[in-house]
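Please view the sequence and the structure first, and then turn to the points below.

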Amino acid sequence: MNLSDIINPANLVYEKTTVMNDTPMHYCPGCSHGVVHKLIGEIVQEMDIQDKTIGIAPVGCGVFAYNYLDIDWQQAAHGRAPALATAVKRLLPDRYVFTYQGDGDLAAIGTAETIHACNRGENIAIIFINNGIYGMTGGQMAPTTLNGMKSSTSPNGRDIPTNGYPLNITTLLAQLQGTCYVTRQSVHTVATVRKAKKAIQKAFENSMLNKGTSIVEIVSTCSSGWKMTPADSNDWMVDNMFPEYPMGDLKNI
Amino acid sequence: MKGNEAVAHAAIRCGCDGYFGYPITPQSEILETLTELEPWKTTGMVVMQVESETASINMVYGAAGCGKRAMTSSSSPGISLMQEGISYLAGAELPCVIVNVMRGGPGLGTIQPSQADYFQTVKGGGHGDYKMITLAPASVQEMADHTVLAFDLAFKYRTPAMVLADGIIGQMMEKVVLPPFVPRRTDEEIIAECPWATLGKPADRKPNVINSLRLEAADMEKLNLALQSRYREIEKEEVRFEEFNCDDADYIIVAFGITARICQKTVELARAEGIKAGLLRPITLFPFPVNQLKEYAKRTKGMLTVEMSAGQMVEDVRLAVNGKVPVEYYGRMGGIVPAPDEVLHALKDKLINSTVEE
């Protein structure tokens with residue numbers, strides 16, 4: 001195959017989504033955020049909903065999501081993204097409204113807004129990045145930090161009597177009558193990336209079907225916060241995060 | 001009708017798109033009236049009772065970010081809980097209306113009326129340098145009128161606006177002429193008025209981002225300077241006040257809201273005794289009627305602020321007067337409402353008799 005064959009449109013095997021712009025990413029090497037951003041961009045492009053999509057960015061590493069995806073965004077106060085999304089969707093019911101939140105944002109400071117938005121069955125998609133740590137502020141303990149897992153505020157490992165249990169909020173949200181689709185995915189292999197994309201797309205589609213709230217948890221790595229190489233992070237995630245946060249659908253109605 | 005009910009009626013009539021609230025005495029009639037009137041069946045206005053004041057103010061943020069006319073209401077403890085959101089709204093330059101029907105504090109306090117949230121409102125209760133347009137209604141009529149005016153000013157300046165009432169104004173019943181019906185704006189009208197609104201990005205424009213984050217110090221200072229210049233413009237253009245018997249007054253009482261109504265009677269009592277008293281009622285607390293007070297400082301013997309607080313607005317009157325004449329304070333706290341003769345006594349005691357002694 002020569003160069004002219006390679007650049008022949010008929011032989012195109014991969015194309016970067018036009019919904020993602022060329023802004024250099026601030027995410028660390030090996031971080032899951034970039035992959036999930038790309039998936040959202042691809043879905044928005046393939047569903048042709050760029051003019052109908054409004055994203056709600058969190059506080060945390062994902063705060064700059066608005067720098068990378070060329071859609072309208074609102075940046076929320078810490079934890080309040082589901083409240084913003086509620087209002088946007090109620091006032092603009094024909095738009096695709098999604099939140100993009102980390103574990104600290106969604107499962108600690110924003111627990112009330114998360115649970116009540118889901119319990120009302122708001123027709124929104126919640127993309128939940130769970131890496132078990134506060135990435136943006138430098139690796140502090142999160143509600144989802146595993147038992148014994150080290151962080152800058154649990155230097156000897158999470159201690160259950162002191163810090164309580166890891167909060168499996170997605171399992172909790174699946175119990176609520178307002179949720180229609182609750183799933184746990186990851187993006188550490190080609191196969192899981194494809195599955196995660198289908199899950200996110202389904203969550204986006206659900207938001208127009210008046211079925212209730214969809215939550216896609218992406219169990220993710222934070223190689224900087226975990227102080228591991230990206231490859232080691234993936235292995236560590238599979239060995240340690242997956243037993244606590246098992247992959248698959250928790251609810252799909 | 002009640003002042004609180006007037007707010008609800010006025011909101012529907014002025015094309016409000018969304019109300020998000022949480023019950024708290026003495027303002028729950030706003031949410032109750034809205035749910036009884038069911039405007040979602042007529043104008044399409046969204047009305048939601050949500051899980052907390054934190055959620056309500058952030059829903060206001062989300063709605064306002066779409067260029068919608070959004071509002072919430074609460075009373076003092078609930079407004080305290082909203083301060084984070086108000087700071088974000090100011091930082092993201094979002095127009096919205098917040099109604100505070102004040103009750104006595106601090107803490108859970110009392111459900112009786114108060115004006116002790118003056119500092120919180122006009123000095124910026126949340127973090128950072130921001131101001132909020134503040135209207136102080138003194139009647140049920142003004143509860144309706146100020147709800148409409150607050151929306152107009154908020155959108156004119158892209159800033160949150162507060163209607164700062166108290167438990168009496170919220171609860172008392174008076175005749176009111178409701179504002180005319182204005183339809184809610186269409187998406188096209190919102191795009192024309194609010195090109196920054198997040199309604200979905202068409203192919204021919206860049207993404208709109210509602211945001212108060214500026215990581216670079218220089219960018220953050222630029223936003224601050226822009227906000228401050230807008231506040232200076234508001235101070236220049238939007239001062240509103242009402243005067244009663246001020247023309248020939250030796251003594252000016254300064255009071256807002258229900259306290260101004262009480263002090264009007266005090267002025268009548270004083271005049272009957274030959275004391276030349278007048279009343280200046282600030283209608284806007286931010287912007288404050290600084291220049292008018294400066295003028296009166298040149299030709300009066302003293303001023304008395306009357307407040308249902310420990311004396312908060314008195315500081316702004318003193319700043320305006322800048323030592324030209326004595327400025328004293330009289331007030332009650334914790335839900336006690338001062339009586340007209342009580343105020344007259346304070347006027348004599350603090351200004352007239354002490355001036356004679358000097």
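Strand β2(A) pairs with strand β7 of chain B, residues 209–210, in the parallel sense, and the pairing runs over two bridges. The model discussed here is a predicted one. Within the pairing, A:Trp73 has B:Val209 of β7(B) as its bridge partner.

**The contact of the two chains**

- Chain A contributes 29 residues to the contact, and chain B contributes 30 residues.
- On the side of chain A that touches chain B, the elements giving two or more residues are β1 (53–57), β2 (72–75), α3 (81–91) and α5 (111–120) of chain A.
- Of these, α3(A) gives the most, with eight residues.
- Sorted by class, this side of chain A holds 15 nonpolar, six polar and eight charged residues.

**Two helices within chain B**

- Helix α3 of chain B (residues 53–65) and helix α5 of chain B (residues 83–91) have axes that come within 8 Å and cross at roughly 15°.
- Because the angle is under 35 degrees, α3(B) counts as roughly parallel to α5(B).
- The crossing of α3(B) and α5(B) is right-handed.
- From α3(B), the residues B:Thr54, B:Ile57, B:Asn58, B:Tyr61 and B:Ala64 take part in the contact, and they meet B:Gly85, B:Ile86, B:Tyr88 and B:Leu89 of α5(B).
- By class, the contact of α3(B) with α5(B) comprises six nonpolar and three polar residues, with no charged residues.

Terms used. Residues are numbered from 1 along each chain as its sequence is written. Chains are lettered from A and ligands numbered from 1 in the order in which they are written. This is a predicted model: local features need pLDDT of at least 70, side-chain atom pairs count only at pLDDT 80 or more; totals for chains, interfaces and linings use all residues. Axes are lines fitted to C-alpha atoms, for helices over the stretch in contact, and angles run from 0 to 180 degrees between N-to-C directions. Helices (H or I, at least four residues) and strands (E, at least two) are DSSP runs, numbered from the N terminus. Angles under 35 degrees count as roughly parallel, over 145 as roughly antiparallel, 65 to 115 as roughly perpendicular and the rest as oblique. A crossing is left-handed if the near helix is turned anticlockwise from the far one by less than a right angle, and right-handed if clockwise. Two residues are in contact if their C-beta atoms, placed from the backbone, lie within 7 Å. Ala, Val, Leu, Ile, Met, Phe, Trp, Tyr, Cys and Pro count as nonpolar, Asp, Glu, Lys and Arg as charged, and the others, Gly among them, as polar. Two strands pair if DSSP finds at least two bridges between them.
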